[in-house]
Every structure is written in C-alpha cells, then in structure tokens.
Amino acid sequence: MSQKKKIVVAITGASGAIYAKLLLDNLLKLSGQIEKVGVVMSDNAKEVWRFELGNSGYDNYPFTFYPKMDFNAPFASGSAKFDTMIIAPCSMGTLGRIAHGISNDLISRAADVILKERRKLIAVVRDTPFSLIHINNLKAVTEAGGIICPANPSFYSLPKTIEELAQTVIDRVIDLAGLEQPSYRWNDLP
C-alpha cells in the first residue's frame, strides 16, 4: 500500500446529501489508509443535508471541518500536500467557478490548488440535464486534470435500498481516489 492520503472533502448545496454522508462514512471506515481528512461545507450544503437526511449528522464526524471562507485552512495552499479533493455533491455553480479559476471561497480555492499542483480532483456532479454552459465547464475541468464522476448509480449489483444504490457511486469515488475497499465488481461471482 502506498503512502497514506490527505483528502479534502467539499460538500456543496447540490441535491444529493446522501452521497456526502456515504462518502464520510466510507472515509471513516478507511482511516487506516488516510492521514488526514479536511472537510468544508457550504451553507447550502448544511441546509440540503438537514432537509434531505432529516438531521445535522455532519456534526458527528471526527474530521476537521473548516469554515467556507477560511483561507488559512491547510489545503488552501499546495505546500500542505493534500493529494486528493472530492467534491460530493458538486453543484454546477461550484464547478463553473472552478472551471474559470474563480477562487472566491475555500472550496473553489482548494480545487484551484489541487489542479495547479497536478493532484487529483474528483467532482461528483449531481445535476441533470446539462446545459451547454455546464458541458463546457465539465470539459474545462477535465482538460485541467479534474475527474468528472457524475452521480449516476449502477444497477448491476442489484441494490435494494436507496443507500445501496447511492453507495454504487461512492464505491466509484473511493476507487478513483486510490483507496482500497471491498465493493461489488462487474461480473463478480458471488
């Protein structure tokens, strides 16, 4: 196993708080592979979490949470060597700011840092349909080195609950982040 990872998790106000919750749950389980997790949530993300999940459980995770305007957070600079940033869910507004280098809050600044340092940015976009503006922003972030991982669940594992369905997306994100965890693989024998 390679060196432990330093991961930034950004949670924006797009619908899909379940993805953020499952991501944090999975990172907690994978703590042996992780040196540090820093989390930043937009105000809308907190509101959407409370609305969609019926709680404010984001307060219960043992990760370090940073205010959305805290430019003193370690991952606001490349020298802190955070190697991966996962934005889940990623709103199209956030993606647009990242695509155009507008670092007006900690989420967009951290993404800018990750891209300029040629590290791994994973954006779990959760919007549909896409306008041409969205498509161009997706293209720009991809050309800058980011990975667009749409929150499109898979069905071949025969998920039986909403959580199992959403977990199929997070399993892909965990794989993309270079973390090891058991999960359903296409054409696996039971």
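**Turns, bridges and spaces in a predicted model**

Let me start at R118. R118 sits in the loop between helix α4 and strand β5. Helices (H or I, at least four residues) and strands (E, at least two) are DSSP runs, numbered from the N terminus.

A word on the source. This is a predicted model, where local features need pLDDT of at least 70 and side-chain atom pairs pLDDT 80 or more, while totals for chains, interfaces and linings use all residues. Residues are numbered from 1 along each chain as its sequence is written, and side-chain values use heavy atoms, without hydrogens or water.

Back to R118. What is phi of R118 near? Phi is near 60°, a positive value, and R118 is not a glycine. Most residues other than glycine have a negative phi. R118 counts as exposed because its relative accessibility is 69%. The cut-offs: buried is under 20% relative accessible area, exposed is over 50%, partly exposed is in between (1.4 Å probe, protein chains only).

K81 is another case. Its phi is positive too, about 60°, and K81 is not a glycine either. K81 is in the loop between β3 (64-66) and β4. With a relative accessible area of 56%, K81 is exposed.

Which residues are linked in a network of salt bridges? K116, E117 and R119 are. A salt bridge puts a side-chain nitrogen of Lys or Arg within 4 Å of a carboxyl oxygen of Asp or Glu. K116 meets E117 at 2.6 Å, N to O. R119 meets E117 at 3.6 Å, N to O.

R109 pairs with D112, and their closest N and O atoms are 3.6 Å apart. Both residues belong to helix α4 (residues 106-116). They are three residues apart, about one turn of the helix. R109 is partly exposed, with 23% relative accessibility. D112, at 26%, is partly exposed too. The whole structure has six salt bridges.

Now the backbone again. Where are the cis peptide bonds I want to show? One runs from A88 to P89, with omega near -10°. P89 lies in strand β4 (residues 84-90). Another joins T128 and P129, with omega about -5°. P129 is in the loop between β5 (120-125) and α5. Most peptide bonds are trans.

How many cavities of 30 Å³ or more does a search of the whole structure find? One. On a 1 Å grid over the protein atoms alone, a cavity is a set of points where a 1.4 Å probe fits but cannot get out; a pocket is an open set with protein on both sides within 12 Å along at least five of seven lines; lining residues have an atom within 4 Å of a point. Points are joined across faces, edges and corners, and volume is the space filled by probe spheres on them.

The largest cavity holds about 30 Å³. P89 lines it, together with I11, T12, A14, A17, A45, V48 and W49. Helix α2 (residues 43-53) gives the most to this lining: three residues.

Then the open spaces. The largest pocket has about 280 Å³. It has 17 lining residues, with Q167, T168, D171, S183 and Y184 nearest its centre. Helix α6 (residues 162-176) gives the most here, with six residues.

The second largest pocket has about 170 Å³. It has 13 lining residues; S42, D43, N44, R97 and D105 are closest to its centre. Helix α2 returns here: α2 and α3 (92-99) are the elements that give two or more residues to this lining. The largest share, three residues, comes from α3.

To recap, look at three places. R118 has a positive phi. K116, E117 and R119 form the salt-bridge network.
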